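Student: I would like a close look at one part of this model. Please keep it brisk and give the cut-offs as you go.

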Amino acid sequence: MSPAALVFVGTVVLMAVLIWWLRRPPTSPTQTGVPLVVYCAAGLKPPIEEIARQYQQQYGVAVQLQYGGSQTLLAALEVARRGDLYLPGDDSFIQLARDKGLVAETIPLARMQVILAVARGNPKKIHRLEDLRTLPVTLAQASPEATAVGRLTRQALEKAGCWEAVAARTRVFKPTVNDVANDLKLGTVDAGFIFDALLAQYPELEAVPVPELEGCTATVMVGVLTSSQQPTAALRFARYLAARDRGTPILAKHGYRATGGDPWSETPELTLYAGAMLRPAIEKTIQEFEQREGVKVNRIYNGCGILVAQMRAGQRPDAYFACDKSFLTMVADLFAEGEDISSNPIIILVPKGNPKGIRELRDLGRPGLRVGVAHEQQSTLGALTRTLLQKHGLYDLIRPNVKVESATGDFLVNQLRAGSLDAVIVYVSNGALVSQETVSLPIPLPEAFAIQPYAVGKEARYPQLATRLHERIRAAESRQRFIDLGFGWRLGPNPVEPKMPPPPPPPP
């Protein structure tokens, strides 16, 4: 039987065993609950076993580890749709799992480099890829169809134009990278492609520098499976795996270039600064995030002028969701690059029936009107309103009618509903919340528009957690909440324009 056929048969058998294992009745719960089930690439076994053992000793949570090739595990998971965490040898398999709807959250753990390995001392004097074709040596590889290292090796050698020649000289393709390392250790082959992290586990081996493999790296990520019945417990263990003071030192000890995650905390707390107008759009999403992750998000909603002043005075939130890009620019040195999430037009809001017959901005300057605007220094809305009115020569006309200024649009809306004001300048989203009692009038000018970016703080205590909150805000459920409130959506191949109110009917 050919080597390829042997790999295929072995993979089929392993898949059958995995599917049986996945579909069997759950293990009896431990005294603290149902064990976490983790499907782990075979090459990661030593550090993950040690971390899982330490976690169980510390918290009494049983962790069951099932090993195999990354692709084999993925195929089995696709059939069985059971388990808690997937930990393949490369993030390409995480992306495949995402595309198949198998993985929700992901957390990076480490990086690995593909190397050409030989027995220590290099007895066959292999110094370059060409030697694999010209010298009387035997070669082993991990299967490109079943493993991360095999896939990456093939990609690198195809790019170098030598894959076919090297594949032809390969004696055996193995179902896992550990099998290749074991063959090298036993001396049944002279050379093999493995990850550099395995050198710490196999002191009998050494690496041969090969220029064609430079940059051939794998990013190890753990993914929470959508099939998990205990996602909060799964996420907590995933955070432990990545924690710079828990899992990271163990990964580094075993030869992995750990990325260094957040510091460990059973219940970490994030501080989010957000413009007040974003609260209706994100509050439920944040509540869901807290419940699923088992964390606390301290929300500080206010006018962005006030929030910026607090940050300039020394306060450092983990993340900032600004009402407009201009108010992130003011504190850009405190944050990583932001991402534009949504947009929100500025409108005129009047009572139901529009009793004062207001049609456009200029009408707000009519004598006797009581107008409410946002505070120019304390809020994004106020700053944008001032710029809008000044550019179109309306500031001095309307300013005498301004009776109320506020850091937030919500306060202005409440004053309008109470009858204290005749009109207010607010966001579309403010009007959407009181559409039964008010009329929204469009302001068809390019300056009447705000774009909302999200950014993670450079000094964030939990940057990975803050990034996952960002991902949650980007998700489909969150997107729909923004759109329902009249926001535009800036992300993805099909952005959505904000829901503009219709123009007022012509006067009689």
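Tutor: First, the ground rules. This is a predicted model, with local features needing pLDDT of at least 70 and side-chain atom pairs counting only at pLDDT 80 or more, while totals for chains, interfaces and linings use all residues. Residues are numbered from 1 along each chain as its sequence is written, and side-chain values use heavy atoms, with hydrogens and water left out.

Now the pocket. The largest pocket holds about 530 Å³ of space. A pocket here is an open set of points on a 1 Å grid over the protein atoms alone, with protein on both sides within 12 Å along at least five of seven lines. Points are joined across faces, edges and corners, and the volume is the space filled by probe spheres set on them.

Next, the lining, meaning residues with an atom within 4 Å of a point. There are 21 such residues, and Glu471, Arg472, Arg474, Ala475 and Ala476 are the closest to the pocket's centre. By class, the lining has 10 charged, 8 nonpolar and 3 polar residues. Asp, Glu, Lys and Arg count as charged; Ala, Val, Leu, Ile, Met, Phe, Trp, Tyr, Cys and Pro as nonpolar; the others, Gly among them, as polar.

Which elements supply the lining? Strand 4, helix 11 (279-293), helix 18 (463-474) and helix 19 (476-484) each give at least two residues. Helix 19 gives the most, with 5. Helices (H or I, at least four residues) and strands (E, at least two) are DSSP runs, numbered from the N terminus.

Helix 11 also holds Thr285. Thr285 counts as buried because its relative accessibility is 1%; buried means under 20% relative accessible area, exposed over 50%, partly exposed in between (1.4 Å probe, protein chains only). Leaving out residues up to four places away in sequence, Thr285 touches Arg472, Ile473, Ser478 and Arg481. A contact is heavy atoms within 4.5 Å.

A cavity is a set of points where a 1.4 Å probe fits but cannot get out. The whole structure has 6 cavities of 30 Å³ or more. About 120 Å³ lies in the largest cavity. Its lining has 16 residues, with Ala41, Ala42, Gly43, Ser70 and Val177 nearest the centre. By class, that lining has 9 nonpolar, 7 polar and no charged residues.
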